[in-house]
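Open the model in your viewer and keep the selection tool at hand. Each stop below says what to select and what is there.

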Amino acid sequence: MISKDNILEVQNLKTYFYTSRGVVKAVDGVSFELKKGETLGLVGESGCGKSITCLSIIRLVPRPAGHIVGGKVLLEGEDLLLKSEKEVTRIRGRRITMILQDPMVSLNPLFTIGEQVAEPIRIHQKLGKLAVWEKVIEMLRLVRIPSPEVRMREYPHQMSGGMRQRIAGAMTLSCQPDILIADEPTTALDLTIQAQFLSLLKEIQEKANLSMIVVTHDFGIIARVCERVAVMYAGKIVESASTRELFNHPQHPYTIALLNSLPKMEVKADRLYSIEGQPPELHALPPGCSFSPRCPYVMKVCLKDYPPQKEITSGHYASCWLRT
Amino acid sequence: MGNLQPIGEVAETAQASGRSGWTPLRGALRGIPRTPVAILLLFLFCGIFGSFITPHDPMKTDLGAAKTPPSWQKGGSTKYLLGTDAFGRDILSRIIRGAGISLQVGFAVVVFAGTLGAMIALLSGYLGGWVDAVLMRITDMFLSMPYLMIAIALAAVLGPSKHNIILIMAILGWAGYARVLRGEVLRIKGSDFIKLAIVARAGKARIMLRHIFPNIVNTLVVLATLQLGIVIIMESSLSFLGLGVPPPEPAWGSMVADGRVIMFSSWWVSTWPGIAILLVVLSCNLLGDWLRLRLDPKFRQL
Amino acid sequence: MVRYILKRILQAGICLLGISVIVFFLSHLSGDPALLMAPPEAKPEDIQALRVTLGLDKPLHVQFWMFISKAVQGDFGQSIRWGKPCLEVWLIRFPNTLLLGGAAMAFTLVVGIPTGILSAVKAGRWFDNFGKAFALAGQSMPVFWVGIMLMLLFSVILRWLPTSGMGSWQHLIMPAFALGWYFTAAITRLSRSAMLDILDSEYIKMARIKGVPEVLVILKHGFRNAMIPVVTLAALNIVTLLNGTVITETVFNWPGIGRLIVDSIFARDYPMVQTCVLIASGLFISTNLIVDILYAYIDPRIKYQ
């Protein structure tokens, strides 16, 4: 279903890793849509495949073990998985871009800040030398780096984590991309800085009508910045809905468990709720629903077949036998 | 590269923590590369039991059979499988006996240098302060010396003999161990379990021996395996120059030197000993590399 | 930064001093140096006279002081074998070793670094396997054997190249190859592992995300970062090259410093031996020093420590 509003459509994306221990199905049939100007949250435990999904979208899956084995990634109707390497390189940075988790290592230690922010500008835009530097200063100002003219001659190790993450933002947004993927953008930052960074992102998004995918394991961030959420488990999306819907009427047992494990201030409890069991080994998934070993509502059919996706209410999807 | 890495804290804690007591090596020996180990065991066997398995007496000369080519060439005979040298001595037997020499020297040096280096690393790394400063200056000094030049100078002055070169190479070799192991000691020193031991009022010696040392053993083993190859090359180089294990002992290096003068007529005399060296050292390197990957996955830049 | 440099220079000085102590005692190790250096038919009075000339009758620390102060002025004593000042003999031979070392170094850099980097970029493919095998084999063969095998192949069997001596460029090929062999293998391995490490890093991923073409990612972002450990270890390992000249020059009869030291040792020419070892150590220490300082310039992180 190609809707005019969707800037990105991922259909049945599959990315597998071929390792000595077997085939790891890191992304196993993931589908979602991203509307223009919208922020989609991708939430799940570590290892569920959220990062690989994002890398697959821009075709930077770690080689040689990883391969995108199926599906479509439609950027305004065009399938990115069918494009040549050269074409994809031109799309990266220009139309889709990404911020990584750890700002301490995302910047090249040998080049100045200004040089690194200027690089994508030089590659994607035909600007004169002076214009490039002006753009660099403009971007640094946009992400609220003080005294950008001075700072741009400095090196990454002279900056704090929060500043480096903002510089990463400047680097990636300099060519006005359509989509920004933020992979756990605040996980490595101090708590006080996190809020600042998120509101900065939101501000930029409004100004530029930027569409965002925010990958996180933190529901607080989801609540803060995302209009829609997709919950991932063992390489598949188990539930997706608008943020409000998901928080108020979670349908999949995994989502329910996740939300239950958030400590609530008003509720007095002796022990925090935690989900039983361990996340599955991705190279040896159980038959049927991957969550069945840990599901408190498990039924016989759950151990045999994987549940189909059902539309619970408009825009709210879940894959669970309970809801069929 | 390419294995899906578990993201998150689990991987970090598994790698960063050490343990009190001894890390079980046994489980880690699975998947050991068989060919290098087989080759090393073969040479080890030759080294220990050489005297029983040599087809001929390695020292016995037989001028009538001098410069016999290997058995498969014209003029060769199955009596001397790999041929003979200028004095009619069987090359194969001499190589087998030479294995004992190379491995004896190799192991001795590695054990001495490794022990000395580890002790210095422990003292230097753990005690810190002026002990560290002094020991590190000395280590740097030894690392700055042109190893081979000093080795041959010392060997010449002290006289070539097996014991002398073991002594010389051990004295010149400990510094490499010390430098690397000190880094490990420093890293472990900051671990929580060490702090616990200190709080529990464990004595300095006890901490160093019972807690820190077991955690650097892995690195030490890797270093030792790689160093073994280097020592064997050094020993053969010294023997080649006539300053190592002296004749008539069939050190591989001196065998190559013997063959050099008759190179134009008898190519095999220099070739086989060199191949023996190549096989042993290659096996050491392969084994050492595998150990490095197995025992300490973070261990890349060495 | 200046403090760092001064500290390193001081350390280097102490190192050199320590080594000179060891070198000084070399000739005293096997007994009375005068006995060693005197001709066999010398009478006891001659030996005593020799002792006085050499200053051996004075206490050890005075001798050491004399040794050091003369060395600093360039007077390393008289070579017993050549009858000329040691330094003079050394200086005549040194350019030959430089030539050989330079050729070997060139070979190493031109072959080793690209092989290593290409191996890393094409990790897992056939070139990588070839590169790894080549590097491993290279580090498992002693220099003297490589030299002799080369001679066997190119001089005995193929008769393309002369076996020894110095003269034309044909004389240079085999020694340079043999000398550089081990080092090339080491550099290949190091370049490969450094590059692999770098290619795994987040800022490389970031460069790709920005849309930087892959060639530039490897050359601009990857190469420069990977070269830091490579250059450091390469420079620090120049001493292995120096060590290697001892063997290589002996095998190929190349008239350089390496052969000089071996000949001097066998001729019991202790002043010459001391000279060679001391200068070699000094060269090595100063190279380390220069590398450390340069390193501080390449990697901006060190500058601000």
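## Cysteines of chain C

Select C:Cys276: its sulfur lies 8.0 Å from the closest cysteine sulfur, that of C:Cys86, which is too far for a bond. A disulfide here means a pair of cysteine sulfur atoms within 2.5 Å. By that rule, zero disulfides are counted over all chains. C:Cys276 is buried, at 1% relative accessible area. Buried means under 20% relative accessible area, exposed over 50%, and partly exposed in between, with a 1.4 Å probe and protein chains only. Next, pick C:Cys15, which counts as buried at 7% relative accessibility.

Before moving on, some ground rules. This is a predicted model, in which local features need pLDDT of at least 70 and side-chain atom pairs count only at pLDDT 80 or more, while totals for chains, interfaces and linings use all residues. Residues are numbered from 1 along each chain as its sequence is written, chains are lettered from A and ligands numbered from 1 in the order in which they are written, and side-chain values use heavy atoms, leaving out hydrogens and water.

## Chain C as a whole

Colour chain C by secondary structure. It has 14 helices and zero strands. Helices (H or I, at least four residues) and strands (E, at least two) are DSSP runs, numbered from the N terminus. Of the 305 residues in chain C, 52% count as buried.

## The nonpolar cores

Select B:Ile152, B:Ile212, B:Trp252 and C:Ile261. Of the 138 residues in the largest nonpolar core, these four touch the most other members. Such a core is a set of buried Ala, Val, Leu, Ile, Met, Phe, Trp, Tyr and Cys residues joined through side-chain atoms within 4.5 Å. Now show helix H8 (residues 204–241) of chain B, which gives this core its largest share, 17 residues.

Zoom in on C:Ile261. Leaving aside neighbours within four places in sequence, C:Ile261 is in contact with B:Met149, B:Ile152, C:Val246, C:Cys276 and C:Val277. Contact means heavy atoms within 4.5 Å. A second, separate core has 92 residues, among them A:Ala65, A:Val143, A:Ile179 and A:Ile213.

## Into chain A

Select helix H1 (residues 50–57) of chain A. Eight of its eight residues are buried. They include A:Lys50 and A:Ile57. Just after H1(A), A:Arg59 takes a positive phi of about 60°.

Go to A:Gln116, in helix H4 (residues 113–124) of chain A. A:Gln116 counts as buried, at 3% relative accessibility. Beyond residues up to four places away in sequence, A:Gln116 touches A:Leu107, A:Asn108, A:Phe111, A:Pro156, A:Met171 and C:Lys210.

Then find A:Ile145, in the loop between helix H5 (129–142) and helix H6 (148–151) of chain A. A:Ile145 is buried, with 4% relative accessible area. Draw a distance to A:Arg166: the two C-alpha atoms are separated by 7.7 Å, and the residues are 21 apart along the chain.

## Last stop: confidence

The mean for chain A is 87, and 96% of its residues reach 70 or more. Confidence in chain A is lowest in strand S11 (residues 310–313), at a mean of 85, and highest in strand S3 (residues 39–43), at 93.

Conventions. pLDDT = per-residue confidence, 0-100.
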